[in-house]
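Visitor: Could you walk me through this protein, one question at a time?
Guide: Gladly, let us look at it together.

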Amino acid sequence: GIYITRETSPIQPDRWTGDMSLVWSEVDAAWGKPEREEEILRWLQGRRPGEWARLDESHRSSWRYSHGGAPAGARGTLADGWRSFAADGYERERAVRALEKDPNEAANGFLLVRCDDWVDPVRLRARTAVLARAAAGRVQVAPWMPLLLARDARTRAGGLVAACAALTLPE
């Protein structure tokens, strides 16, 4: 299991310590190991909205810059998701372009975080991707509702819940 606590027991979704250095170390150790990457993606899907926001914000911290991100050649949902946290808006936009085509359910979390991006093209592309995925039935809205509501409450992402509901709820 994923060990992102200082103890020796596997992390439980409701017992995350929030120690970002431990999270980043786990991710760094997973690159190039598809089973580990998938395990981390499953773990991420259980995170609360505030934890997604902390992951995003921590990526741009000075510690994160010195520690590195996804390796240059890394591909897949986890690599694209980590790149969506980058400080560089162009890199975030490239990551969102890749995530919008990604069938992995975990891509939804990364896209939802970007629905509140401060750069218009990134935010609009992420919002369009989330709505297109919802319309196509590629987003199971209920499991993502806490993150969707948290993003919707932000000024830049307002109206996202209503738009998703209009696409996914029976008339």
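Visitor: Are R92 and D117 buried or exposed?
Guide: Before we start, this is a predicted model, in which local features need pLDDT of at least 70 and side-chain atom pairs count only at pLDDT 80 or more, while totals for chains, interfaces and linings use all residues. Residues are numbered from 1 along each chain as its sequence is written, and side-chain values use heavy atoms, leaving out hydrogens and water. Buried means under 20% relative accessible area, exposed over 50%, and partly exposed in between, with a 1.4 Å probe and protein chains only. By that scale, R92 and D117 are both buried.

Visitor: How far apart are the closest N and O atoms of R92 and D117?
Guide: Side chains of opposite charge can pair when their charged atoms come close. A salt bridge is a side-chain nitrogen of Lys or Arg within 4 Å of a carboxyl oxygen of Asp or Glu. R92 and D117 form such a bridge, and their closest N and O atoms are 2.6 Å apart.

Visitor: Where in the chain do R92 and D117 sit?
Guide: Helices (H or I, at least four residues) and strands (E, at least two) are DSSP runs, numbered from the N terminus. R92 belongs to helix α6, residues 89-101, and D117 to the loop between α7 (107-114) and α8 (120-135). The pair links distant parts of the chain, with a separation of 25 residues.

Visitor: Which helices does the salt bridge between R125 and E100 link?
Guide: The side chains of R125 and E100 meet at 2.7 Å, N to O. They are 25 residues apart, and the helices they link are α8 for R125 and α6 for E100.

Visitor: Why is R123 called buried, and why is D120 called partly exposed?
Guide: These two side chains meet in a salt bridge of 2.1 Å, N to O. Both residues lie in helix α8, 3 residues apart, about one turn of the helix. R123 is called buried because its relative accessible area is 12%, and D120 is called partly exposed because its own is 42%.

Visitor: Which residues do salt bridges that share partners join into one network?
Guide: The whole structure holds 9 salt bridges. Those that share partners make one network of D56, R92, R114 and D117.

Visitor: How many helices and strands does the protein have, and what percentage of its residues is buried?
Guide: The secondary structure comes to 10 helices and 0 strands. Of the 171 residues in the protein, the buried ones make up 48%.
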